[in-house]
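Here is a short briefing for a first look at this structure. Keep the sequence and the 3D view open while reading.

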Amino acid sequence: MNAKTWFFGLAFMLASSALATPFTPKSDGQILERLRANVNDIAARELRDLRAQLQQNPNNLSLAVLVARKYIERARVDSDPRYNGRAQAVLEPWWKLEKPPEAVLVLRATLKQNAHDFKGALLDLDLAAKLEPRDPQIWVTRSVVQTVLGNLTEAKRSCLPLFQTSSELVAVTCVANAASLNGQAAKAFQTLEQVLRDNPQASESEKSWATGTLVETAARLQRTDSDTRFQAALQKDPSDIYLRAAYVDFLLEKNQAARASAFLQNTKADALLLRRVLVEKALQLKTYRLFRDQMASRIAANHARGDTVHRREEAIFALHVLEKPTQALTLSKANWLVQHESLDAKILLESAIASRQFEAAKPVLEWFNTTKLEDARIAKLVSQVKAGLK
Amino acid sequence: MKRAFLLLVSVLVCSSLVFAHKASDSYLNINLKNLSLTGRWDVALRDLDYAIGLDDNDDGAITWRELKTHRVAVESYLLSKLELRSENRACKLEASGYLVDNHTDGAYVVLPFFSDCSSNPSTLKVNYNLFFDVDPLHRGLLNLETVRGTQTAIFSPENNALSFQLREQNAISQFLEFVKEGVLHIWGGIDHILFLLALLLPSVLRRENGRWMPVGNFRNALSSVLKIVTAFTLAHSITLSLAALEVVNLPSRLVESTIAASVVLAALNNVFPVVQERRRWLVAFGFGLIHGFGFASVLSDLELTRATLLRSLIGFNVGVELGQLSIVMVFLPLAFSLRSSSFYNRFTLAVGSLAVAAIAGIWMAERIFDFKVLPI
């Protein structure tokens, strides 16, 4: 039985009981669904008004770009991919054009990236760069996509135009992000920390990108101040789901799962739900099964709609929660064909070790050599695989 | 700078975060295990709110009261986005309840529905168009339950129409299906009947010195009828096939107008004979070609599949012939027995033909100038 059928099987068990019992709510006032976490979400109302304006004039390019960008931002903040689809719908008049306007190309690239169509994203960015090479967004996005693909030399090169078109902090963060994964972690850390200190006037989002990069580099370098840095960064932006997930991973790594619970309150985001399951398992909590089943049914729901962009998380779930190494290996191998981030490398190494199929991790060993990644956790796994191969 | 940074972080984070809770889906369940086709459709409240608005008091929460207030709108919106065709016939869908259920990503409205379609079709077509205009990443997840098991499918903007072959349709029953269509078409096609009758009316008579005289024996009448019917059949079979195979395609307005003209001319020829008796089969053949194009339009409405085209074509043609034959079998004995009476000669032939010509003349005008006077 492969992983897919297994997830379907479990989901079927869970879903069949849920599906079988639609109900009539007991009272008229019963709240069935909350559309937004914050009742007086002014930004949400503004966005709705903008959308209404756009519906009057759907071919208004600048308005469509504005609305689409806000939806994409919302997809990130609320961790809700529905907004990606809405953004795409707003861009419909230009979406299928071979050469849409530059602003649309950049957004289309971002949405393709979110759908893990990295090649498509890069093609769009290259087109955009021909039209408007001074748009810093092109270069930031390009660098990030190249990083995800593990093309770190290209990722660094993409940052270079930012020294002319954007702020010093952005350009340096961009380079440091790629360089920290490319054998220059200590240097990248030092430089970025200095530039961050020198630019107190920078915008919050710029600073938070720089801080996030610093924290992660610190963790990979196993700096003693990593924990304090995580906490400081999270204090500044407690809603940052990505940072929370990274910190929980850090704590799990250090066998400090008990401290992680505080950062797992809102598990609407699947990345956090997965961490919650891992934490609950580590702590042997009574509610563990509940969260595990919830995660399984979310994975199954994604399978049912034909999405394959969640293989990394599925592999983590298969290996560390379900303890099915063979399935985890299949998933992490398929995932490695698409993306090469260090988390992708880690789960493939772990699955190969757990299933004692060391051969399967060979591509990661190669990647580890060429990128010169400095990551003690991954280095340890790499040597385990090497030992297994002997 | 600021503008660029709206996205900057999101780009970074989205890539690494990888997945949040899932994108928009609806769950469509079609059940073919009961007497008629029924179903259940689960649609997320958040999506419905985005598409048609449910949150009346704008407090960011949807209550049961709000959902109930919009019941009519929700039902008609949803049912307008779903088309089911069973054996090429559109099913009339009707909601039979209004409930709520929770899925992994929130609350859904549950719409049970029933239809006037049989639960045992050989083919079922599902056309799904929910939310694609407001969210192209939306997917419709179909569960099709039949007595033989469950099939699943996913609807997307690129894949919004699916056809299910549920039963290996028996070749004979499919053939008979088209024979039936052919018979019904000729019986229902009053213009074809009138054309045929106009040509057949004089077949129990013969022309002598400018006057109509009854034919001597039944054989003469029969052979005359057979010649005409065969010529007509041969002609329309040719053009029907050509049109169905998409070799020739004529504009339907031209075809329909010419058919009406053929009826006028055939009828007038009985009163003011131009074409000789011996050559009437030629008229039948010539205009039969045009009538064939008329039949083809019906066939194209039936949405044939390439694989079964020939079988359907022959079946339909056989049906048309049987329909014609049945008319002839009623007509010929009746006309033959009345042929000597002056009633037949004067009234049936003359007045009847003129009336037919008049009706067909109006049709012709209607069809050429695209207006409507007659109820048929």
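Leu322(B) counts as partly exposed because its relative accessibility is 44%. Leu322(B) sits in helix α10 of chain B, which covers residues 309–338. The model is a predicted one.

**Surface patch on chain B**

- Leu322(B) belongs to a nonpolar surface patch.

**Helix α6 of chain A**

- Helix α6 of chain A runs over residues 102–114.
- Its 13 residues should span 18 Å at 1.5 Å a residue, and the end C-alpha atoms are 19 Å apart, which agrees.
- α6(A) is mostly covered, with twelve of its 13 residues buried.
- Among the buried residues are Val104(A), Leu105(A), Val106(A) and Leu107(A).
- Glu102(A), Arg108(A), Gln113(A) and Asn114(A) are also among the buried residues of α6(A).
- His116(A) follows α6(A) and has a positive phi, near 65 degrees.

**Aromatic pairs**

- Over all chains, the count comes to 16 aromatic pairs.
- Phe230(A) and Tyr247(A) make a tilted pair, because their ring centres are 5.0 Å apart and their planes stand at 35 degrees.
- Phe230(A) lies in helix α14 (residues 226–236) of chain A, and Tyr247(A) in helix α15 (residues 241–253) of chain A, so this pair ties together parts 17 residues apart in sequence.
- Phe230(A) counts as buried, at 1% relative accessibility.
- Tyr247(A) is buried too, with a relative accessible area of 1%.
- In chain B, Phe195(B) and Phe287(B) form an edge-to-face pair, because their planes are at 80 degrees with the ring centres 6.0 Å apart.
- Phe195(B) is in helix α6 (residues 190–200) of chain B and Phe287(B) in helix α9 (residues 280–301) of chain B, so the pair links parts 92 residues apart in sequence.
- Both Phe195(B) and Phe287(B) are buried.
- One aromatic cluster is formed by Phe230(A), Tyr247(A), Phe250(A) and Phe263(A).

**Charges over rings**

- Arg51(A) places its charged end over the ring of Tyr50(B), 3.7 Å from the ring's centre.
- In chain B, Arg339(B) lies over the face of Phe336(B), at 3.8 Å from the ring centre.

Notes. Residues are numbered from 1 along each chain as its sequence is written. Chains are lettered from A and ligands numbered from 1 in the order in which they are written. This is a predicted model: local features need pLDDT of at least 70, side-chain atom pairs count only at pLDDT 80 or more; totals for chains, interfaces and linings use all residues. Side-chain values use heavy atoms; hydrogens and water are left out. Patches are made of residues with over 30% relative accessible area and no salt bridge: like charges are joined within 9 Å, nonpolar side chains (Val, Leu, Ile, Met, Phe, Trp, Tyr) within 5 Å. Accessible areas come from the Shrake-Rupley method with a 1.4 Å probe; for residues, only the protein chains shown count as cover. A salt bridge is a side-chain nitrogen of Lys or Arg within 4 Å of a carboxyl oxygen of Asp or Glu. Helices (H or I, at least four residues) and strands (E, at least two) are DSSP runs, numbered from the N terminus. Buried means under 20% relative accessible area, exposed over 50%, partly exposed in between (1.4 Å probe, protein chains only). The expected span of a helix is 1.5 Å times one less than its number of residues. Rings of Phe, Tyr and Trp (its six-membered ring) pair if their centres lie within 6.5 Å; planes under 30 degrees apart count as stacked, over 60 as edge-to-face and the rest as tilted. A charge sits over a ring if NZ of Lys or CZ of Arg is within 6 Å of the ring centre and within 35 degrees of the ring normal.
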